[in-house]
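Reader: I am new to this structure. Please take me through it in short questions and answers.

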Amino acid sequence: MNFFEQASSMLHGRQVIAITCFQWGDTGKGKFVDAFGSWAKVIVRGTGGANAGHTISLNGNESIFHLIPSGILHDAEGKINIIGSGVAFDPGIITDELDMLDDAKMSYGNLLFSNRAHLVLPQHLLLDRLRESKADKIGTTGRGIGPVYTDHYARRGLRLNDLLNKDIFSQKLKANLREIAGLLSLEDSEKIKAILGHEHLGGGRYWSESSLIDADAIVETYVAYADRFTGMIQDTDAIVREALEEGSKVLCEGAQGNLLSIDIGSYPHVTSSDCSVHGLMKGAGLDMSDLDLNLGIVKAPYMTRVGNGPFPTEFGGEKSAEWCAKAAEDEKKKSRKQEELDRFGKVSVNSQDEFLRGIGIRQAGHEFGATTGRCRRTGRLDLPLLRHSIRHSGQEIILTKLDVMDESDVIEICESYTYRGPSYRLGNRIINDGDKIETAITESEVLARCVPNYVVFPGWKTDISGIRTFSDLPQKLIDVIHYIENKTGAVTEILSVGPDREQTIFTEN
Ligand code: IMP
C-alpha cells in the first residue's frame, strides 16, 4: 500500500484529526500536515503566529513560511486552508507570504483568515524586543507574540476585523497606544527609536519624536495591507462548523508544542498561546468533543529545544544552552548553520565530548531554527516530559527523525529524574532532595533541578531511511520503541525515517 492508502486506512471512520507536538516544537509536523492534507477537506491553524516556521518546497525552491498553513500546497485540489481565531496574525508577514506564493505561481484561492484573529502590530514587536533586552529574557522569536496575547487578555487587543473598518481601527489603536504609553515611558526613547528603525518594524516608519509611536502611520500601512486580502477575512468558525455538519474531514494543524504551552508547558519559559491540542481546537473554532484523534509528534530518541529555559537531558548542559542562545553574527545570513560548521567542522554523533556530540546530532538532524536561525539545543529523549504530555493530550504518537541516530553507538533515554535542590512545595506535595520524579513537574524552577537517570541501549548502526515496514526495522530499534511505549503508555501509530512522504512507516497498531 502507498502512503495515501495506509493513511486512509488508519484514519478510517475519523472526521477531525489534530497534529500537535508533544515536545518543544520543531518535531516535523509539516511533513504530516502536508501528507494528511490530501485526506482532509479543511486544514486549520489555531494557535501561535509567525513564531512558527515551516519550510515548503515551491516548484523545487525551498521557502520558509510562518503563518500560512503547510496545507496550502493542497489549495489547487480545492482544500480550504484557514488561519483560525487563536492565531496571532501579522498582516505584514502574510503580505510577504502571499507575494511568495504569487512569485511561485501557487494558488491560494481557498485561503481564509478568521475575522477574530488578533493583530500583531508594531507596538507588539517593539514591546517583545524591549522585554528581551532585559537580563531575565525568555529567548523569544521577537515576533511580538507575548504582547499580542497580553493585549488579547487585557481586553485592549485589535482584531483582523478591525482592519475592515478604518475609523474603528484608528480609535482602537489610539486607545491601545494610550494604555501602553505608561510602559513605554519607562524605557529609553533612543532605544525605542533604534528598535523601530529595524527593517522588521517598518525601518523607522512608525517612530514619532513626540509620541514615540506614530498611530496614523500604522493605520495607513495596515489598512493598505488588508486591502490585499479583504475577501479572505471571514467568520471561519462558522465555515469550519458547516464543513463538519456536511461531513467534511478537518485537519487541525498545531504549532510549537505542549512544552511551550502557556498552560501546560515549562512555565515561564513558554510561548504565550496554549499550543497544546486543547488550545488548538479552540483557536480553530472547534471543541475537544469534535476531535476523533490527536497525533502527538515526538522526536526520538533525541529531542530539541529553542530559546531559554531548563532542558534536563541537554548534551553539554549550560555550555550548549549558552552557545545556542546566540543569534547569527551576520543577521542577513539568518542561520547559524554555516557559522557553527566553520567553527567546529563536521562533528560525529559519537563524539566523546558531550557538547560536541550535541553539535554532531544538530548537524545530522539539520536542527537550526526556521524563524530565528538559532542552533536548536539537542538532548536525549526525556520520558518524564513525554509522560506529562501524554497525560494531558493523549497516547497516540508519531515518532520522527529516528534516522538521525542511525550512526549513534549508544542510545540514552531518560527514564526518570532525581530531584536535587531545596525542598519544594507543590500543592500538598513536598519534593525533597534525592526524590525520584517519573512524570515531569514542568515549573521551570523544578525542571532546572532535575538530574536525569538514563537507560542505555546499544545503537542500531543501520541506515533505516529506506525501510518501509515495521518488522524490517533493526531489532535494536524495535526494542527502544517498545521501551518508550511500555514506560509511558504511548501507542506508536507512525514512524518517520526521513523527510519524504514515502519515508514513513505505519505500525498498524
Ligand atoms: P515566542 O513564542 O516568540 O514568544 O517565544 C517564546 C519561546 O518559545 C522561546 O523560547 C522560543 O524560542 C520558543 N518558540 C516559539 N515558537 C517556536 C517554534 O515554532 N519552535 C520552537 N520554539 C519556539
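Reader: At what angle do helix H4 and helix H5 pack, and how far apart are their axes?
Author: This is a predicted model, where local features need pLDDT of at least 70, side-chain atom pairs count only at pLDDT 80 or more, and totals for chains, interfaces and linings use all residues. Residues are numbered from 1 along each chain as its sequence is written, and side-chain values use heavy atoms, with hydrogens and water left out. Helices (H or I, at least four residues) and strands (E, at least two) are DSSP runs, numbered from the N terminus. Helix H4 (residues 122-132) and helix H5 (residues 145-153) pack at about 120°, with their axes 7 Å apart.

Reader: Why is H4 called oblique to H5?
Author: Axes are lines fitted to C-alpha atoms, for helices over the stretch in contact, and angles run from 0 to 180 degrees between N-to-C directions. Under 35 degrees counts as roughly parallel, over 145 as roughly antiparallel, 65 to 115 as roughly perpendicular, and the rest as oblique. The angle here is about 120°. That makes H4 and H5 oblique.

Reader: Which residues of H5 does H4 meet?
Author: Contact means heavy atoms within 4.5 Å. From H4 come His 124, Leu 127 and Asp 128. Their partners in H5 are Ile 145, Pro 147, Val 148 and Asp 151.

Reader: How do the residues of the contact of H4 with H5 divide?
Author: Ala, Val, Leu, Ile, Met, Phe, Trp, Tyr, Cys and Pro count as nonpolar, Asp, Glu, Lys and Arg as charged, and the others, Gly among them, as polar. The contact of H4 with H5 divides into four nonpolar, one polar and two charged.

Reader: What is the handedness of the crossing of H12 and H13?
Author: The axes of helix H12 (residues 337-344) and helix H13 (residues 354-365) come within 12 Å and cross at roughly 135°. H12 and H13 are therefore oblique to each other. A crossing is left-handed if the near helix is turned anticlockwise from the far one by less than a right angle, and right-handed if clockwise. H12 passes H13 in a crossing that is left-handed.

Reader: Which residues of H13 does H12 meet?
Author: H12 brings Glu 340, Leu 341 and Phe 344. The contact residues divide into five nonpolar, one polar and two charged. On the H13 side are Phe 355, Leu 356, Ile 359, Arg 362 and Gln 363.

Reader: Is Ile 484 buried or exposed?
Author: Ile 484 lies in helix H16 (residues 475-488). Beyond four places in sequence, Ile 484 touches Leu 381, Leu 383, Leu 386, Ile 413 and Gly 489. Buried means under 20% relative accessible area, exposed over 50%, partly exposed in between (1.4 Å probe, protein chains only). At 2%, Ile 484 is buried.

Reader: How far apart in space are Thr 47 and Ala 284?
Author: Thr 47 lies in the loop between strand S2 (42-45) and strand S3 (54-58). Thr 47 is buried, with a relative accessible area of 2%. In sequence, Thr 47 and Ala 284 are 237 residues apart. In space, C-alpha to C-alpha, the distance is 7.8 Å.

Reader: Which residue does a cis peptide bond join to Tyr 267?
Author: Omega at this bond is about 5°.

Reader: What is the phi of Asp 26?
Author: Asp 26 lies in the loop between strand S1 (16-21) and helix H2 (29-37). Asp 26 is partly exposed, at 28% relative accessible area. Although Asp 26 is not a glycine, its phi is positive, about 60°.
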